[in-house]
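Notebook open, model loaded. I wanted to look at salt bridges and then at the ligand site.

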Amino acid sequence: MSTVLITGANRGIGLALARQYASQGANVFACCRDPAKADDLEELAASSSGRVRIITLDVADESSMASLKRTLGDQPIDILINNAGISGLSEDRIEAEGYMTTMRVNALAPMLIAQAMHDNLRSSTQKKLVAITSIMGSTSSAGGAKYAYRASKAALNNGMRGLSRAWAHEGILVALLNPGYVQTEMVKGQVAFISADECARGLIARIAELTPATSGIFQDYRGVKIRW
Ligand SMILES: NC(=O)c1ccc[n+]([C@@H]2O[C@H](COP(=O)([O-])OP(=O)(O)OC[C@H]3O[C@@H](n4cnc5c(N)ncnc54)[C@H](OP(=O)(O)O)[C@@H]3O)[C@@H](O)[C@H]2O)c1
(Lines give C-alpha, C1' and ligand atoms only; values in the text may rest on other atoms or scores of the structure.)
Protein backbone atom coordinates (compact mmCIF):
# COMPACT_ATOMS: atom_id res chain seq x y z
CA MET A 1 0.00 0.00 0.00
CA SER A 2 1.41 3.41 -1.00
CA THR A 3 1.99 6.31 1.38
CA VAL A 4 1.38 9.63 -0.34
CA LEU A 5 1.96 13.18 0.87
CA ILE A 6 0.14 16.01 -0.93
CA THR A 7 0.57 19.75 -0.33
CA GLY A 8 -2.41 22.07 -0.83
CA ALA A 9 -4.79 19.13 -0.37
CA ASN A 10 -7.79 21.14 0.86
CA ARG A 11 -9.21 22.04 -2.56
CA GLY A 12 -8.81 21.84 -6.32
CA ILE A 13 -6.36 19.36 -7.81
CA GLY A 14 -4.80 18.52 -4.42
CA LEU A 15 -8.16 17.50 -2.93
CA ALA A 16 -9.01 15.40 -6.02
CA LEU A 17 -5.64 13.63 -5.72
CA ALA A 18 -6.24 12.97 -2.00
CA ARG A 19 -9.70 11.54 -2.72
CA GLN A 20 -8.51 9.25 -5.51
CA TYR A 21 -5.43 7.96 -3.70
CA ALA A 22 -7.58 7.31 -0.61
CA SER A 23 -10.14 5.42 -2.70
CA GLN A 24 -7.29 3.23 -4.01
CA GLY A 25 -6.42 2.33 -0.41
CA ALA A 26 -3.34 4.54 -0.06
CA ASN A 27 -2.34 6.20 3.20
CA VAL A 28 -2.52 9.93 2.55
CA PHE A 29 -0.85 12.74 4.47
CA ALA A 30 -3.04 15.60 3.30
CA CYS A 31 -1.31 18.92 4.00
CA CYS A 32 -3.07 22.25 4.10
CA ARG A 33 -2.34 25.57 5.71
CA ASP A 34 -5.62 26.00 7.58
CA PRO A 35 -7.31 22.72 8.59
CA ALA A 36 -10.04 24.67 10.43
CA LYS A 37 -11.33 25.87 7.04
CA ALA A 38 -10.74 22.59 5.17
CA ASP A 39 -14.27 21.18 5.42
CA ASP A 40 -14.10 18.94 2.32
CA LEU A 41 -10.80 17.49 3.45
CA GLU A 42 -12.13 16.95 6.99
CA GLU A 43 -15.05 15.05 5.49
CA LEU A 44 -12.69 12.88 3.45
CA ALA A 45 -10.49 12.18 6.49
CA ALA A 46 -13.51 11.33 8.64
CA SER A 47 -14.73 8.73 6.13
CA SER A 48 -11.30 7.22 5.41
CA SER A 49 -10.92 4.84 8.38
CA GLY A 50 -7.75 6.66 9.39
CA ARG A 51 -6.06 6.43 5.99
CA VAL A 52 -6.24 10.21 5.37
CA ARG A 53 -4.46 12.28 7.98
CA ILE A 54 -4.50 16.08 7.85
CA ILE A 55 -1.29 17.95 8.61
CA THR A 56 -0.95 21.72 8.86
CA LEU A 57 1.57 23.03 6.34
CA ASP A 58 2.10 26.56 5.04
CA VAL A 59 4.65 25.99 2.29
CA ALA A 60 5.79 29.62 2.49
CA ASP A 61 6.84 29.18 6.11
CA GLU A 62 10.03 27.26 6.91
CA SER A 63 9.03 26.71 10.55
CA SER A 64 5.85 25.01 9.27
CA MET A 65 8.04 22.72 7.11
CA ALA A 66 10.19 21.90 10.15
CA SER A 67 7.04 21.04 12.06
CA LEU A 68 5.93 18.73 9.19
CA LYS A 69 9.29 16.96 9.39
CA ARG A 70 8.95 16.53 13.18
CA THR A 71 5.42 15.14 12.76
CA LEU A 72 6.51 12.60 10.13
CA GLY A 73 9.81 11.63 11.73
CA ASP A 74 11.31 8.78 9.67
CA GLN A 75 7.96 7.72 8.14
CA PRO A 76 8.71 6.54 4.57
CA ILE A 77 6.89 8.54 1.87
CA ASP A 78 6.40 6.69 -1.43
CA ILE A 79 4.96 9.62 -3.37
CA LEU A 80 5.58 13.26 -2.41
CA ILE A 81 3.35 15.60 -4.44
CA ASN A 82 4.23 19.29 -4.43
CA ASN A 83 0.86 20.62 -5.55
CA ALA A 84 0.30 23.84 -3.55
CA GLY A 85 0.65 26.90 -5.73
CA ILE A 86 -0.57 30.42 -6.37
CA SER A 87 -1.41 32.04 -9.67
CA GLY A 88 0.84 35.02 -9.15
CA LEU A 89 0.02 37.92 -6.90
CA SER A 90 1.54 40.51 -9.19
CA GLU A 91 -0.42 39.22 -12.23
CA ASP A 92 0.57 41.40 -15.20
CA ARG A 93 2.22 44.23 -13.29
CA ILE A 94 5.81 43.61 -12.26
CA GLU A 95 5.83 44.27 -8.54
CA ALA A 96 8.60 43.08 -6.23
CA GLU A 97 6.75 41.68 -3.24
CA GLY A 98 4.13 39.76 -5.22
CA TYR A 99 6.78 38.43 -7.60
CA MET A 100 8.94 37.16 -4.73
CA THR A 101 5.95 35.58 -2.94
CA THR A 102 5.04 33.73 -6.14
CA MET A 103 8.61 32.52 -6.50
CA ARG A 104 8.70 31.44 -2.86
CA VAL A 105 5.46 29.43 -2.97
CA ASN A 106 5.72 27.93 -6.48
CA ALA A 107 9.47 27.50 -7.00
CA LEU A 108 11.36 27.55 -3.70
CA ALA A 109 8.91 25.74 -1.40
CA PRO A 110 8.81 22.48 -3.43
CA MET A 111 12.63 22.38 -3.37
CA LEU A 112 12.76 22.96 0.39
CA ILE A 113 10.07 20.33 0.98
CA ALA A 114 11.92 17.85 -1.24
CA GLN A 115 15.07 18.49 0.78
CA ALA A 116 13.24 18.15 4.11
CA MET A 117 11.61 14.89 2.95
CA HIS A 118 14.71 13.46 1.24
CA ASP A 119 15.28 10.73 3.85
CA ASN A 120 11.54 9.88 3.94
CA LEU A 121 11.58 9.41 0.16
CA ARG A 122 14.85 7.51 0.13
CA SER A 123 13.60 5.01 2.72
CA SER A 124 10.34 4.32 0.83
CA THR A 125 9.58 1.61 -1.71
CA GLN A 126 8.54 3.83 -4.64
CA LYS A 127 10.71 6.95 -4.06
CA LYS A 128 8.64 9.28 -6.27
CA LEU A 129 8.98 13.07 -6.09
CA VAL A 130 6.30 14.98 -8.01
CA ALA A 131 5.93 18.66 -8.92
CA ILE A 132 2.65 20.01 -10.27
CA THR A 133 4.03 22.56 -12.68
CA SER A 134 2.42 24.37 -15.63
CA ILE A 135 2.70 24.73 -19.39
CA MET A 136 3.28 28.40 -18.51
CA GLY A 137 6.70 27.36 -17.20
CA SER A 138 7.70 26.35 -20.74
CA THR A 139 10.11 29.04 -21.92
CA SER A 140 9.79 28.04 -25.57
CA SER A 141 6.02 28.51 -25.56
CA ALA A 142 5.88 31.54 -23.26
CA GLY A 143 3.32 34.17 -24.08
CA GLY A 144 3.31 37.59 -22.46
CA ALA A 145 1.99 38.58 -19.04
CA LYS A 146 1.74 36.59 -15.80
CA TYR A 147 5.50 36.97 -15.57
CA ALA A 148 5.89 35.90 -11.95
CA TYR A 149 3.83 32.73 -12.43
CA ARG A 150 5.67 31.79 -15.63
CA ALA A 151 9.08 32.45 -14.07
CA SER A 152 8.16 30.52 -10.92
CA LYS A 153 7.08 27.40 -12.84
CA ALA A 154 10.17 27.60 -15.10
CA ALA A 155 12.35 27.77 -11.97
CA LEU A 156 10.42 24.87 -10.44
CA ASN A 157 11.03 22.81 -13.59
CA ASN A 158 14.73 23.60 -13.55
CA GLY A 159 15.12 22.77 -9.86
CA MET A 160 13.19 19.50 -10.08
CA ARG A 161 15.03 18.47 -13.23
CA GLY A 162 18.24 19.01 -11.24
CA LEU A 163 17.00 16.79 -8.41
CA SER A 164 16.05 14.09 -10.94
CA ARG A 165 19.72 13.92 -11.92
CA ALA A 166 21.29 14.47 -8.50
CA TRP A 167 19.16 11.87 -6.71
CA ALA A 168 18.93 9.29 -9.53
CA HIS A 169 21.65 7.13 -7.96
CA GLU A 170 19.42 6.76 -4.89
CA GLY A 171 16.55 5.46 -7.04
CA ILE A 172 14.47 8.63 -6.58
CA LEU A 173 12.22 9.32 -9.57
CA VAL A 174 10.98 12.83 -10.36
CA ALA A 175 7.78 13.74 -12.25
CA LEU A 176 7.23 17.25 -13.63
CA LEU A 177 3.54 17.30 -14.51
CA ASN A 178 1.44 19.99 -16.16
CA PRO A 179 -2.11 19.26 -14.96
CA GLY A 180 -3.85 20.80 -17.99
CA TYR A 181 -6.39 23.61 -17.85
CA VAL A 182 -8.42 22.56 -14.82
CA GLN A 183 -11.64 23.98 -13.35
CA THR A 184 -10.49 25.11 -9.87
CA GLU A 185 -10.39 28.27 -7.75
CA MET A 186 -7.19 29.23 -9.53
CA VAL A 187 -8.99 29.79 -12.82
CA LYS A 188 -12.20 31.12 -11.28
CA GLY A 189 -14.39 32.94 -13.79
CA GLN A 190 -12.85 31.05 -16.73
CA VAL A 191 -14.15 27.95 -18.47
CA ALA A 192 -11.38 25.36 -18.18
CA PHE A 193 -11.04 22.18 -20.27
CA ILE A 194 -11.15 19.47 -17.61
CA SER A 195 -12.40 18.81 -14.09
CA ALA A 196 -10.09 18.29 -11.11
CA ASP A 197 -11.21 14.63 -11.04
CA GLU A 198 -10.23 13.98 -14.65
CA CYS A 199 -6.95 15.77 -14.08
CA ALA A 200 -6.17 13.74 -10.94
CA ARG A 201 -6.87 10.46 -12.80
CA GLY A 202 -4.31 11.43 -15.43
CA LEU A 203 -1.72 12.61 -12.92
CA ILE A 204 -2.03 9.41 -10.87
CA ALA A 205 -1.59 7.30 -14.03
CA ARG A 206 1.54 9.25 -15.00
CA ILE A 207 2.97 8.93 -11.49
CA ALA A 208 2.27 5.18 -11.50
CA GLU A 209 4.13 4.63 -14.78
CA LEU A 210 7.17 6.76 -13.86
CA THR A 211 10.49 4.97 -14.51
CA PRO A 212 14.17 5.97 -14.49
CA ALA A 213 13.82 6.53 -18.26
CA THR A 214 11.00 9.07 -17.82
CA SER A 215 12.26 10.70 -14.60
CA GLY A 216 12.90 14.42 -15.03
CA ILE A 217 10.77 14.74 -18.19
CA PHE A 218 8.31 17.66 -18.49
CA GLN A 219 4.95 16.22 -19.56
CA ASP A 220 1.25 16.80 -19.16
CA TYR A 221 -1.41 14.76 -17.35
CA ARG A 222 -2.00 12.70 -20.53
CA GLY A 223 1.70 11.87 -20.93
CA VAL A 224 2.33 14.34 -23.77
CA LYS A 225 5.91 15.62 -23.57
CA ILE A 226 6.33 19.42 -23.29
CA ARG A 227 9.27 21.47 -24.58
CA TRP A 228 11.24 23.32 -21.86
N1 LIG B 1 -6.02 24.96 -12.46
C2 LIG B 1 -5.22 24.96 -13.54
O3 LIG B 1 -5.69 25.10 -14.69
C4 LIG B 1 -3.74 24.78 -13.37
C5 LIG B 1 -2.96 24.82 -14.55
C6 LIG B 1 -1.59 24.62 -14.43
C7 LIG B 1 -1.02 24.39 -13.20
N8 LIG B 1 -1.80 24.37 -12.07
C9 LIG B 1 -1.14 24.11 -10.79
O10 LIG B 1 -1.84 23.12 -10.07
C11 LIG B 1 -1.60 23.29 -8.66
C12 LIG B 1 -2.93 23.24 -7.92
O13 LIG B 1 -3.71 24.33 -8.33
P14 LIG B 1 -5.31 24.32 -8.37
O15 LIG B 1 -5.70 24.54 -9.77
O16 LIG B 1 -5.84 23.15 -7.64
O17 LIG B 1 -5.60 25.68 -7.60
P18 LIG B 1 -6.37 26.07 -6.26
O19 LIG B 1 -7.72 25.46 -6.22
O20 LIG B 1 -6.21 27.54 -6.19
O21 LIG B 1 -5.51 25.35 -5.11
C22 LIG B 1 -4.26 25.84 -4.73
C23 LIG B 1 -3.87 25.09 -3.47
O24 LIG B 1 -2.58 25.56 -3.06
C25 LIG B 1 -2.67 25.90 -1.70
N26 LIG B 1 -1.69 26.90 -1.28
C27 LIG B 1 -1.44 28.11 -1.83
N28 LIG B 1 -0.49 28.74 -1.11
C29 LIG B 1 -0.16 27.90 -0.09
C30 LIG B 1 0.75 27.97 0.99
N31 LIG B 1 1.50 29.06 1.21
N32 LIG B 1 0.85 26.92 1.82
C33 LIG B 1 0.09 25.82 1.65
N34 LIG B 1 -0.80 25.70 0.66
C35 LIG B 1 -0.92 26.73 -0.21
C36 LIG B 1 -4.09 26.42 -1.52
O37 LIG B 1 -4.41 26.45 -0.15
P38 LIG B 1 -5.39 27.62 0.49
O39 LIG B 1 -6.80 27.12 0.31
O40 LIG B 1 -4.96 27.66 1.93
O41 LIG B 1 -5.13 28.87 -0.26
C42 LIG B 1 -4.85 25.36 -2.31
O43 LIG B 1 -4.98 24.18 -1.55
C44 LIG B 1 -0.86 24.62 -8.52
O45 LIG B 1 0.53 24.36 -8.34
C46 LIG B 1 -1.10 25.30 -9.85
O47 LIG B 1 -0.07 26.22 -10.18
C48 LIG B 1 -3.15 24.56 -12.13
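I started with Glu 170 and Arg 122, whose side chains meet in a salt bridge at 2.6 Å, N to O. My rule was a side-chain nitrogen of Lys or Arg within 4 Å of a carboxyl oxygen of Asp or Glu. The pair links distant parts of the chain, 48 residues apart: Glu 170 sits in the loop between H6 and strand S6 (173–178), Arg 122 in helix H5 (residues 118–122). By this rule I get six salt bridges.

A note on the source: this is a predicted model, where local features need pLDDT of at least 70 and side-chain atom pairs count only at pLDDT 80 or more, while totals for chains, interfaces and linings use all residues. Residues are numbered from 1 along each chain as its sequence is written, and side-chain values use heavy atoms, with hydrogens and water left out.

I then checked polar contacts (N or O atom pairs within 3.5 Å). A polar side-chain atom of Arg 11 is 2.7 Å from a ligand oxygen. Backbone polar atoms also reach ligand oxygens: Val 182 at 2.8 Å and Gly 180 at 3.4 Å.

How much of the ligand does the protein cover? I have 93% of the 890 Å² accessible area that the ligand has on its own (Shrake-Rupley, 1.4 Å probe).

Terms used: Polar contact = N/O pair within 3.5 Å; in protein donor to acceptor, adjacent residues only side chain to side chain. Helix = DSSP H or I, 4+ residues; strand = E, 2+ residues; numbered from the N terminus.
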